[in-house]
Amino acid sequence: MRTEPPLPEACADNGRTPASEHAFRLLCRAAAVTVAGFLLAVFVVLAVNAAPALAAFGPGFLTTQVWNPVTERFGAVAPIFGTLITSLIAMLVGVPLAVGSALFLTEICPHRLRTSLIVGVELLAAVPSIIYGMWGLLVFAPFLANHVQPFLIDRLGPLPLLGALFQGPPFGIGTLTAGLILGLMVLPFIASVACQVFFAIDPFLREAAYGVGATTWEVCRNVLMPQGRAGLLGASMLGLGRALGETMAVTFVIGNAHRVSASLFAPGTTISASLANEFTEAVGDLYLSSLQALGLILFVITFVVLALARLMLRHIEKGDAR
Amino acid sequence: MSRTDRFALSARRRWRNRILMGLCGGAAATALLALALILWRLILGGGAALSWDILRLTTPPPGSKGGLLNPILGSLAMSGAGIAAAAPLGVLAGTYLAEYGRHERLAHAIRFINDILLSAPSIIIGLFVYSLMVVPMGHFSGWAGALALALVAVPVIVRTTEDVLRLVPASLREAAVALGIPYWRFIVSVAWRSARVGILTGILLAVARISGETAPLLFTALNNQFLSSSMNAPTASLPVVIFQFAMSPYADWQELAWAGALLISASVLLLNICARFLARRRR
């Protein structure tokens with residue numbers, strides 16, 4: 001068992017603390033406060049810049065779909081809808097694949113392969129998102145347009161209700177493609193955190209379950225998943241935070257159309273894609289302010305999601321000595 | 001109950017186990033296959049377009065020969081300036097979290113905020129720096145890009161610095177305290193020195209993180225078609241040029257984009273591998 005290391009006070013507060021000690025301590029604390037201050041500064045700057053648009057459109061900004069730079073009428077429904085729907089698709093694709101991969105890597109993968117595969121997954125999580133976006137535009141979208149979408153439109157399009165999701169021309173780019181690319185991008189990210197979650201579970205629990213004759217699946221289902229539930233939720237929320245704010249992987253393949261359509265094949269937009277596509281070319285104060293208001297909305301949404309993720313992951317990081 | 005019944009039950013459990021664990025293996029295989037496809041296409045597309053001209057010539061107009069000299073230099077300059085600003089701030093803040101703030105409320109709050117900054121959308125950082133620097137200065141500039149990259153890098157450095165400083169053995173602390181030196185001397189001459197490889201690892205990871213970032217540069221450094229020696233002017237960067245070229249309809253621009261994408265991915269992966277290697281040697 002490790003003893004608690006001595007505190008700085010042990011050698012500093014003995015009545016003759018040198019001035020250099022005070023100065024250094026102040027310097028470190030100032031640096032830390034500055035870092036935390038960034039978050040507040042970002043919020044304040046965004047809020048101030050967004051204020052004209054929010055004042056001009058009021059709560060209607062959140063409920064109208066019009067996005068017309070010529071008449072200077074702006075509403076955030078289409079980008080918010082696009083952000084949420086692409087992230088939802090990303091989660092539906094990414095989370096099961098990531099958790100399945102993590103179970104495979106931690107529970108059944110041979111030891112010799114395990115380390116290198118986990119390192120591989122972690123390296124993939126570091127690949128810049130622009131690579132995913134570019135691959136999505138130049139390789140994946142044409143593939144979908146030529147081979148997958150016509151088939152889905154023929155088969156699923158005529159269905160009642162559900163069919164509305166699969167109608168329209170097979171462009172290749174659109175909401176579905178953006179969601180799939182996002183899912184692929186957050187996959188290694190969620191998987192590597194999920195591996196940590198499973199590794200952090202007390203090995204005695206696992207051994208006890210195997211000892212009473214449980215199969216590997218039963219150990220996963222009845223021991224690992226319930227034990228790691230908060231951690232897995234945190235990992236998914238962390239991935240969701242990434243997906244909501246991701247710019248490059250989406251901007252390439254979303255099509256940038258400010259409208260809400262039922263079809264997953266139709267082009268749409270997200271908050272980050274609108275910003276990336278329009279911000280440098282926006283003319284007029286109200287236009288710029290509306291885009292900043294979009295940024296503010298994204299900031300608030302991701303802040304809430306990431307804060308929840310961190311709260312759920314907190315106890316794992318405490319128990320995790322690595 | 002006869003023995004065969006018990007075995008029948010266990011056969012069902014065995015099959016359920018096989019099917020579901022097979023699905024897990026399938027998930028891993030699907031994930032690895034998809035990601036391998038991306039890397040394969042990247043190597044194929046980038047490898048074909050790679051030549052010495054990439055390093056010698058600047059970005060061309062469509063239809064003529066060119067390279068990526070100006071975005072490569074721009075990326076190096078902005079990442080370098082960004083890291084130079086982020087490293088001292090990040091290391092000092094990480095030191096506060098690991099040493100002085102160990103039992104302070106403030107430190108908990110700052111750690112929480114830093115963890116959120118760690119995965120906050122980088123395009124928001126771009127918006128922030130746009131209002132902070134581009135609007136007052138009246139033009140896009142490489143310095144604004146460097147500042148945006150620095151803001152992305154700081155949380156990474158804070159986090160890793162705190163983590164490695166916590167690994168400094170208690171016996172070293174006790175020895176230093178027993179000598180009666182001020183605590184800051186312990187931090188500078190003992191803690192930082194024994195954790196320097198770890199701190200360097202964190203800085204390398206931060207470099208890897210920012211060298212692939214595109215979104216914070218879009219509204220800050222913008223882009224520049226020409227070679228420019230001034231960071232005060234709009235500055236080209238590899239990721240932004242890849243974005244512009246890959247979205248264009250010109251085949252030769254798309255080829256250059258693949259080459260740039262390969263360069264970036266290779267350097268990011270190399271930096272990550274170096275960081276891992278250093279981290280392993282430390283233990």
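**Exercise 1. Sort the lining of the second largest pocket by class.**

Solution. This is a predicted model, where local features need pLDDT of at least 70, side-chain atom pairs count only at pLDDT 80 or more, and totals for chains, interfaces and linings use all residues. Residues are numbered from 1 along each chain, chains are lettered from A in the order written, and side-chain values use heavy atoms.

Step 1. Count: the lining has 11 nonpolar, seven polar and one charged residues.

**Exercise 2. Which element gives the most to the lining of the second largest pocket?**

Solution. Step 1. Helices are DSSP runs (H or I, at least four residues), numbered from the N terminus.

Step 1. Helix 11 of chain B gives the most, with six residues.

**Exercise 3. How many salt bridges are there between chain B and chain A?**

Solution. Step 1. Apply the rule: a side-chain nitrogen of Lys or Arg lies within 4 Å of a carboxyl oxygen of Asp or Glu.

Step 1. The count is three. One salt bridge joins the side chains of A:Arg29 and B:Glu104 (3.0 Å, N to O).

Step 2. Look at the side of chain B that touches chain A. Helix 1 (residues 3–49) of chain B gives the most there, with 19 residues. By class, that side has 62 nonpolar, 13 polar and 13 charged residues.

**Exercise 4. How many residues does each chain bring to the contact?**

Solution. Contact means heavy atoms within 4.5 Å. Chain B brings 88 residues and chain A brings 88 residues.

Terms used: Helices (H or I, at least four residues) and strands (E, at least two) are DSSP runs, numbered from the N terminus. Ala, Val, Leu, Ile, Met, Phe, Trp, Tyr, Cys and Pro count as nonpolar, Asp, Glu, Lys and Arg as charged, and the others, Gly among them, as polar.
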